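Please read it alongside the sequence and the structure.

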Amino acid sequence: MGELSSVLSAVPTHKPVKKQIQFVEDKQEFSKFPTKTGRRSLSRSISQSSTDSYSSAASYTDSSDDETSPRDKKQVNSRGSTDFCVKNIKQAEFGRREIEIAVQDMSALISLRKRAQGEKPLAGAKIVGCTHITAQTAVLIETLVSLGAQCRWTACNIYSTQNEVAAALSERGVPVFAWKGESEDDFWWCIDQCVNTEGWQPNMILDDGGDLTHWVYKKYPNVFKKIRGIVEESVTGVHRLYQLSKAGKLCVPAMNVNDSVTKQKFDNLYCCRESILDGLKRTTDVMFGGKQVVVCGYGEVGKGCCAALKALGSVVCITEIDPICALQGCMDGFRVVKLSEVVRQVDVIITCTGNKNVVTREQLDRMKNGCIVCNMGHSNTEIDVASMRTPELTWERVRSQVDHVIWPDGKRVILLAEGRLLNLSCSTVPTFVLSITATTQALALIELYNAPESRYKQDVYLLPKKMDEYVASLHLATFDAHLTELSDEQAKYLGLNKNGPFKPNYYRY
């Protein structure tokens, strides 16, 4: 003990010197950041609901390999086609390997492909798609092609595109118009290139968020009237479809995939339970133990995020507008609070609502230094990012998809993906869960395309229960799971068909 004391006493003490840490060499205020000019904005004619959604451009983009816009390049694939616009067609081989990896964990979708490709149930279908463009989505797109469809594709999120995968699809003959880090003008231009092309008119829409649907509805009403069906997989997009239907303006049948059981309970819950941690770790290296976290919204996405954060020792609170979801949160051990009541103390704020202005400028002003703010909902309107784009606040890009927004007093708020979807913008999501969603989407397209005209009216429909169960059954083989079969007596007692469906439509799982 004496030796330790003598050593400690010998250590010189210095008065700490306060230093201003510089995270980048050149501070740049958002208002001073150079922007590209000379593009005619296609977004002027779109509905306000669309421009208020998740597709607005970044203040700046992360383009590590090439500053030239893909729109200014002349690229040709090995087939001699120029009908695409991606970051770099030379990345196709790399993208093909990514797709091959994804295939390994999407056996159910591949099984569907093998079972149905002989019948070609989508022969004659011309599908225009607007989704995240990832290796997993590529497996879906190539499944649709193998089932007889022609496809043209664009991205529903300016940050989630995997450039190499977009190149691989374009190389194989699927026209893709998307790259990571598009501007707002690029975003709408890419959608227009998919829809407005000579000699090709879509008759099916696969959408994720509703921007493609609204673009066709607003700009090409004659094309919209000839669409045979719309498949939509996000809360935001479904909400907009119901708005059209309520106003009597939806002239085609639409399938609400988002509220199918296989989407809600698996993609929304289990996918977010794993990917929320991945996205936060990759961007901030944050340690979750002991952190004060507020999750806004306790739907399936919020439930998944809360479960993951709680398991790692975070102190989690939730905000809710729905008393049923709030009560579920209480029973799961989470405090239900108003964000304004706790905003000064929290370390991380995660939005999961699909609403707008869930985190306001007034709340941002009150946050403590170093608070991390991010969004797990599809729409980028949940955090009022626009209110922070003012001269008195300085934006510093400290790493890809990570901005420090600095207040005049030096306080920093760490904003991830500029308020866009965290997991697909900043990390990846589990391939197996996306196989479930992709299989659901494929079946919904097949159903709408082949259904007799009298089966579906001009309205929004849920996926038939039998299809939900079929999607689940295709994925059970992965776990070597063996279903119990009802006896004739049991089936009669329950009033069920031995082959399903096994639950009524009102059953909530």
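**Briefing on a predicted model**

The structure, a predicted model, holds zero disulfides. The points below are grouped by topic.

**Cysteines**
- The closest cysteine sulfur to that of Cys-305 belongs to Cys-352 and lies 4.1 Å away, which is too far for a bond because a disulfide requires the two sulfur atoms to be within 2.5 Å.
- Cys-305 has a relative accessible area of 0% and is therefore buried, whereas Cys-251, at 26% relative accessibility, counts as partly exposed.

- Seven strands form an open sheet with parallel pairing, in the order β4-β3-β2-β5-β6-β7-β16, and its edge strands, β4 (176-177) and β16 (460-462), each pair on one side only.
- Within this order, strand β6 (residues 229-232) pairs with strand β7 (residues 254-256) in the parallel sense over three bridges, and Ile-230 stands opposite Ala-254 in β7.
- Helix α8 (residues 211-219) packs on the sheet, where it touches β2 (126-131), β5 (204-207) and β6, and the direction of α8 makes about 140° with that of β5.

**Helix α10**
- Helix α10 (residues 235-246) has twelve residues and should span 16 Å at 1.5 Å a residue, which agrees with the 16 Å between its end C-alpha atoms.
- The buried residues in α10 include Thr-236, Gly-237, Val-238, Arg-240, Leu-241 and Leu-244.
- An α-helix has 3.6 residues a turn, so residues three or four places apart point the same way.
- Just after α10, Gly-248 takes a positive phi of about 75°.

Notes: Residues are numbered from 1 along each chain as its sequence is written. This is a predicted model: local features need pLDDT of at least 70, side-chain atom pairs count only at pLDDT 80 or more; totals for chains, interfaces and linings use all residues. Side-chain values use heavy atoms; hydrogens and water are left out. Helices (H or I, at least four residues) and strands (E, at least two) are DSSP runs, numbered from the N terminus. The expected span of a helix is 1.5 Å times one less than its number of residues. Buried means under 20% relative accessible area, exposed over 50%, partly exposed in between (1.4 Å probe, protein chains only). Two strands pair if DSSP finds at least two bridges between them. Contact means heavy atoms within 4.5 Å. Axes are lines fitted to C-alpha atoms, for helices over the stretch in contact, and angles run from 0 to 180 degrees between N-to-C directions.
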